[in-house]
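The following note sets out points for discussion on the structure shown below. Please read the points alongside the coordinates.

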2 protein chains.
Amino acid sequence: MPHPDVLISEVGPRDGLQSVQATMPTADKLRWIDALHVAGVREIEVASFVPARLLPQMADAAEVVRHAVLLPGLTVMALVPNRKGAEAALAAGVHKLTMPVSASVAHSLANVRKTREEMVQEVRAIAALRRDIAPHVKLEAGISTAFGCTLQGEVPEDEVIRLAVQCVEAGADESGLSDTVGYANPAQVRRLFRRLRAELGDKAGAAHMHNTRGLGLANCLAAYEEGVRTFDASLGGLGGCPYAPGASGNVVTEDLVFMFEAMGVHTGIDIGRLIAARAPLMAGLPGEPVYGMTPEAGLPKGFIQGKAHA
Amino acid sequence: MPHPDVLISEVGPRDGLQSVQATMPTADKLRWIDALHVAGVREIEVASFVPARLLPQMADAAEVVRHAVLLPGLTVMALVPNRKGAEAALAAGVHKLTMPVSASVAHSLANVRKTREEMVQEVRAIAALRRDIAPHVKLEAGISTAFGCTLQGEVPEDEVIRLAVQCVEAGADESGLSDTVGYANPAQVRRLFRRLRAELGDKAGAAHMHNTRGLGLANCLAAYEEGVRTFDASLGGLGGCPYAPGASGNVVTEDLVFMFEAMGVHTGIDIGRLIAARAPLMAGLPGEPVYGMTPEAGLPKGFIQGKAHA
C-alpha cells in the first residue's frame, strides 16, 4: 500500500451513531472499529464524551476508547464539549480531542448551551488541562456550521475565520471547518479554506463535509484542491447533529476513498476491506439505512487500487 | 434572471425514459417538457429516434419533437444512432442531433452494432444529409464510455480523443465526452477535457456524467474548472444505457443546478420551478424511484438564487 497522500478520518462511530435512535451494542462498536482498522483507517473518532442522559448512544465511550487504543497505529479521537468530558476522555486514554465550536450563535446555544466566546474559553481551559496532565494528546477545534446554519441561515465568513484563529490562540493544535448541515458549495469551500490556511498555515485542520444536498464529494474535491489533506467521512454515510435541524449524513467514506484512489491520491485504505467493514456496522444497527453508491455499484472493471486510472 | 454562465442540457426525456421499463404516456412527456421549459431549461434532449421495437418508450419521438419545437427559446435535441433516425428527426423538426459514438469497441458493438470506424462514417453521412436538407440544424457527437466501460474495462485516452477529433473532422459541430457507466474520476475528467479542448477548441462539447458511484457532481465541478460550460443532467437522476450493464442514473439536474447557483454560477434555471417539474415526471412514471438530494433536503435557509452565497 503506497504512503498515504491524504488522511481519511472516520467519524461514523461518533457522528454516525449519535444521529440514529438506536444504540449500537458495545461489542458491535468494537467489531466495527476493528474492521475499519483492518481496512487501513488510521484515525477514528470513536465516541463523544457527553452525559449519557443526553446521548445514551455514547454511554460506553470510555470502554470503546480503551479498546481502540490497543489497535496499532490508530489515532483514537473523541469529541468533548467541555472540561468534564475532556477529563473523562483523557482518563480513558484518547490520543486526540476534538471540540465542537459553532460559528453560528444560534447553533452554539442549541448544541452546547454556550456562546461562541464561552466555547473559546472552554478550549483554553481544556488546552491547559491537556498541557498539565496529557501533553502528548492533540486538541482540535472543529468549527461547526462554518458554511451556514439551519437555525441562523448565513454565517459570516469573517466570523468563521476569526473563531478558528481564536481557538488556535486559545491552545488548540488545529482548527478545521465543518459543514454541519450540508449548506456548503465548492466555491465557498475553496474561499474559506484558502483563508483558513492563510491565517493558520499547518494549523488549518480537516474538512468535515455532509452530503445533505449531494455536494459532499464535490466539496471535498474543492478542499483538496486548496491543499486540505485531512477529510472526515462516515462509513455508510451515517451522521447528523441532534441539535441542528435538517442535518443529515456525512460524506460516505467508501465513495470518498474511491474518488481519491481513482484519482491516484492514496488514502492508505483498502477499498475492498473498507466495504467489508459495512457488515459489522449493519449487524450492530439492524434496519438502519446505510448509504454509499460505490458499494452498491461495485468497483469499475479492471480497477486496481494504487494505480492512477485512465 | 442573470445571463447564464453555463448551459444545463436536460436529457431526462431521452436518457431517463429509455432506461425505465415503463413507457411514459405522450401527454405526460409533453407536460414534463413544458414544466422544464417554464423553469428556464433551454436545451432538452427530448427523444431518441430508434426503432420502436427496440425502445418502445421512444415510439412517440416525432410527436414529442413537434410539440417541443413550439416552446420559445428552447433547443430541441434528439439522439439518432443512424441515418434513418436522423431523417426522421429532421422531418420532425429538431434543432440539434446528437449521435452516440462509443470509444469502447465492445460497447459500440453492443449499443449500435457498429464499429467505431463505422460510426464515424455514419457521422459523415448524417453531416452530409444535414448540409443538404437542414443546414441550420446542429450536429453533436457524444463520445460514450469515454472514461471506461463495463464491458471492456479501461478505454485508452488517446483513442477517446482521436475519436472525438474524427467526429468533428467528419462534420460534427462538436464532440462531447460521456461517462456512460459512471467510471470517471475528477482527475481523469480534467485530463480528458483539457486534451479535448486543446484539440477542438470551441468544438469541444458537453460533459455528460452519470452518478453511479456518487462522483457525478465532483466530475462536473472538475469539468467546469477545465472550462466546460455545457452539462448534461437528468431530472430526478433518471438514466442509464440499456446496452451498458451497470449503467445507472445521470447527474441529478436539481442538485447540479443547486451546486452551480450556490457557487454564483448562473444557470438561467429557477430552482423552485425546476423542483416543481418533478411532479409531471412522477405523475407520468408512477412508482418509479426518483432521486435528488436538494429536493429532499430543501434549499438552505436564506438562500436567494442569483446571489453568490457566503
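Across which strands of chain B does α8(B) lie, and at about what angle does α8(B) run to β7(B)?

1. Helix α8(B) lies across β6 (174-178) and β7 (204-208) of chain B, and its direction is at about 160° to that of β7(B). Axes are lines fitted to C-alpha atoms, for helices over the stretch in contact, and angles run from 0 to 180 degrees between N-to-C directions. Contact requires that the C-beta atoms of two residues, placed from the backbone, lie within 7 Å. Helices (H or I, at least four residues) and strands (E, at least two) are DSSP runs, numbered from the N terminus.

2. Basis of the model. This is a predicted model, in which local features need pLDDT of at least 70 and side-chain atom pairs count only at pLDDT 80 or more, while totals for chains, interfaces and linings use all residues. Residues are numbered from 1 along each chain as its sequence is written, and chains are lettered from A and ligands numbered from 1 in the order in which they are written.

3. The barrel of chain B. Eight strands of chain B form a closed barrel in the order β1-β2-β3-β4-β5-β6-β7-β8, with parallel pairing. On average, neighbouring strands of this sheet are turned by 30° against each other, direction ignored. Strands count as paired if DSSP finds at least two bridges between them. Strands β3 (residues 75-79) and β4 (residues 96-102) of chain B run parallel and are joined by three bridges; Met77(B) has Lys96(B) as its bridge partner in β4(B).

4. The surroundings of β7(B). Strand β7(B) is mostly covered, five of its five residues being buried. A residue is buried if 20 or more other C-beta atoms lie within 10 Å of its own, exposed if 12 or fewer, and partly exposed in between, with C-beta atoms placed from the backbone. On one side, β6(B) and β7(B) pair in the parallel sense over three bridges, and Ser175(B) stands opposite Ala204(B). Strand β7(B) is also joined to β8 (residues 230-233) of chain B by two bridges, again in parallel, with His208(B) opposite Asp232(B).

5. Handedness of the crossovers. Two β-α-β units share β7(B): β6(B), α8(B) and β7(B) make a right-handed one, and β7(B), α9(B) and β8(B) make a right-handed one. Right-handed here means that, with the strands pointing away from the viewer, the path from the first strand over the helix to the second runs clockwise.

6. Chain A. In chain A, too, eight strands close into a barrel with parallel pairing, in the order β1-β2-β3-β4-β5-β6-β7-β8. Strands β7 (residues 204-208) and β8 (residues 230-233) of chain A run parallel and are joined by two bridges, and His208(A) stands opposite Asp232(A) in β8(A). Helix α8 (residues 186-200) of chain A lies across β6 (174-178) and β7 of chain A, at about 160° to β7(A). Helix α10 (residues 253-263) of chain A packs on the sheet, where it touches β1 (7-10) and β8 of chain A and makes about 175° with the direction of β1(A).

7. The interface. Contacts link 37 residues of chain B with 37 residues of chain A. On the chain B side, two or more residues come from each of α8 (186-200), α9 (216-225), α10 (253-263) and α13 (293-297); the largest share, five residues, is from α10(B). By class, this side has 18 nonpolar, 14 polar and five charged residues. Ala, Val, Leu, Ile, Met, Phe, Trp, Tyr, Cys and Pro count as nonpolar, Asp, Glu, Lys and Arg as charged, and the others, Gly among them, as polar.

8. Symmetry. Chain B is superposed on chain A by a rotation of 180° with 0.0 Å of shift along its axis (RMSD 0.0 Å), which is the relation of a two-fold axis. The C-alpha of chain B nearest the axis belongs to Ala218(B), at 2.0 Å. The same surface serves both copies, as 100% of the contact residues of chain B recur in chain A. The superposition is by least squares on the C-alpha atoms of residues with pLDDT of at least 70 in both copies.

9. Backbone points to inspect. Most residues other than glycine have a negative phi. Arg113(A), which is not a glycine, has a positive phi near 55°; Arg113(A) is in the loop between α5 (105-112) and α6 (116-133) of chain A and is exposed, with 11 other C-beta atoms within 10 Å. Thr145(A) likewise has a positive phi, of about 50°. Thr145(A) is in the loop between β5 (138-144) and α7 (157-169) of chain A, and counts as buried with 30 C-beta neighbours inside 10 Å.
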